[in-house]
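Subject: Structure for your review

Dear colleague,

I am handing over the structure below, together with an account of what was found in it.

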Amino acid sequence: MTKLTSIRTLAALAVAGSIAFGGVAQADENAELVVNGEITLVTKTAAPDHLKDAMDTIYSGWVFRSDETQAMQADDFTNPGILDAEAGVELWNAVDGTEGKSCASCHGAIEEGMKGVRAVYPKWNEAAGEVRTMEMQVNDCRKTRMGAEPYKYVSGQMGRIVSAISMQSRGEPVNVAIDGKAAETWAKGKELYYTRTGILDLSCASCHEENYGNMIRADHLSQGQINGFPVYRLNNAKINQVHDRFKGCVRDTRAETYNPGSPEFIALELYLASRGNGLSVEGVSLRN
């Protein structure tokens, strides 16, 4: 994973006390993720065509984790995020709102109604005339079909139900559409990905494209793929949604961040999701 790194990027990371200069720490690129000894997930594959000017191969963040963390995700009995997904199934079946409906009232059993959904989100919604994330669609259903209060965009309830929905696509390839009416939003997300911000003058690409595989704060930098979200992070012991992770990354560049659910983060999510086209949806993944 040898990559050219600009002097100012290294300088900024050094000032932040982030990167170890002892050379590139290699992750096991050939590690195989088989969940419960039954479901083989794709964690390494050829980059999608729109990304081949930047890299040839894409890797799940799972590849860059420690052996212990990798093993925890490979077994649902040791992955604590599975408990949140199970709680999300209860929310799916719970009647709420003025219409006396649950999610299941319209979509049926979550195993059937949500199969394959996570793999294609975010996606263009023709009726709404916008790109929608899963969180946006959940809240639209709650408001317009159930007569229920929307969940806070980043919250325990939203994290749990999105985890439950994501689990129904575990093992399926990410296949996010970026053409047609979604193209403008995708282009905005790409611009955000490569724009340097903050006191440290860093972009998403500074870490996740130019420096993946290097060590940062005693951990590996990954490619920043989001096929594993929602993610259970061991460092804060809870489900983390992707916009919450975006907010943390922007904050770490010492820049003023956008809010979860903002047009900027929606565009960035679409672009990042497309960078992982071909990797498996991991359902609820486990990260440090």
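**Helix packing**

Helix H3 (residues 81-93) packs against helix H7 (residues 156-167) at an angle of about 95°, and their axes are 7 Å apart. H3 is therefore roughly perpendicular to H7, a word used for angles of 65 to 115 degrees, whereas angles under 35 count as roughly parallel, over 145 as roughly antiparallel and the rest as oblique. The contact, meaning heavy atoms within 4.5 Å, is made on the H3 side by Ile 82, Asp 84, Ala 85, Ala 87, Gly 88, Val 89, Leu 91 and Trp 92, and on the H7 side by Gln 157, Arg 160, Ile 161, Ser 163, Ala 164, Ile 165 and Met 167. These residues of the contact of H3 with H7 divide into 10 nonpolar, 3 polar and 2 charged; here Ala, Val, Leu, Ile, Met, Phe, Trp, Tyr, Cys and Pro count as nonpolar, Asp, Glu, Lys and Arg as charged, and the others, Gly among them, as polar.

Before going on, please keep in mind that this is a predicted model, in which local features need pLDDT of at least 70 and side-chain atom pairs count only at pLDDT 80 or more, while totals for chains, interfaces and linings use all residues. Residues are numbered from 1 along each chain as its sequence is written, and side-chain values use heavy atoms, with hydrogens and water left out.

Helices (H or I, at least four residues) and strands (E, at least two) are DSSP runs numbered from the N terminus. Axes are lines fitted to C-alpha atoms, for helices over the stretch in contact, and the angles run from 0 to 180 degrees between N-to-C directions.

The residues of the contact of H8 with H11 comprise 9 nonpolar, 3 polar and 4 charged.

**An open sheet**

Three strands form an open sheet in the order E10-E9-E11, with mixed pairing, where two strands pair if DSSP finds at least two bridges between them. Strand E10 (238-240) and strand E11 (285-287) stand at the edges with a single partner strand each, so one side of each is left without a neighbour in the sheet. Neighbouring strands of this sheet are turned by 40° against each other on average, direction ignored. Strand E9 (residues 231-233) runs parallel to E11 and is joined to E11 by 3 bridges, and Tyr 232 stands opposite Leu 286 in E11.

**Backbone details**

Most residues other than glycine have a negative phi, and most peptide bonds are trans. The peptide bond from Tyr 121 to Pro 122, however, is cis, with omega near 0°, and Pro 122 lies in the loop between helix H5 (110-113) and strand E5 (123-125). Phe 229 and Pro 230 are likewise joined by a cis peptide bond, with omega about 0°, and Pro 230 lies in the loop between strand E8 (219-220) and E9.

Asn 36, a residue other than glycine, has a positive phi near 55°; Asn 36 lies in the loop between strand E1 (33-35) and strand E2 (39-41). Asn 36 is partly exposed, with a relative accessible area of 33%, where buried means under 20% relative accessible area, exposed over 50% and partly exposed in between (1.4 Å probe, protein chains only).

**Salt bridges**

The structure holds 12 salt bridges, each defined as a side-chain nitrogen of Lys or Arg within 4 Å of a carboxyl oxygen of Asp or Glu. In one of them, Asp 76 pairs with Arg 170, the closest N and O atoms being 3.0 Å apart. This pair links distant parts of the chain, with Asp 76 in the loop between helix H2 (67-73) and H3 and Arg 170 in the loop between H7 and H8, 94 residues apart. Arg 170 is buried, with a relative accessible area of 16%.

With kind regards
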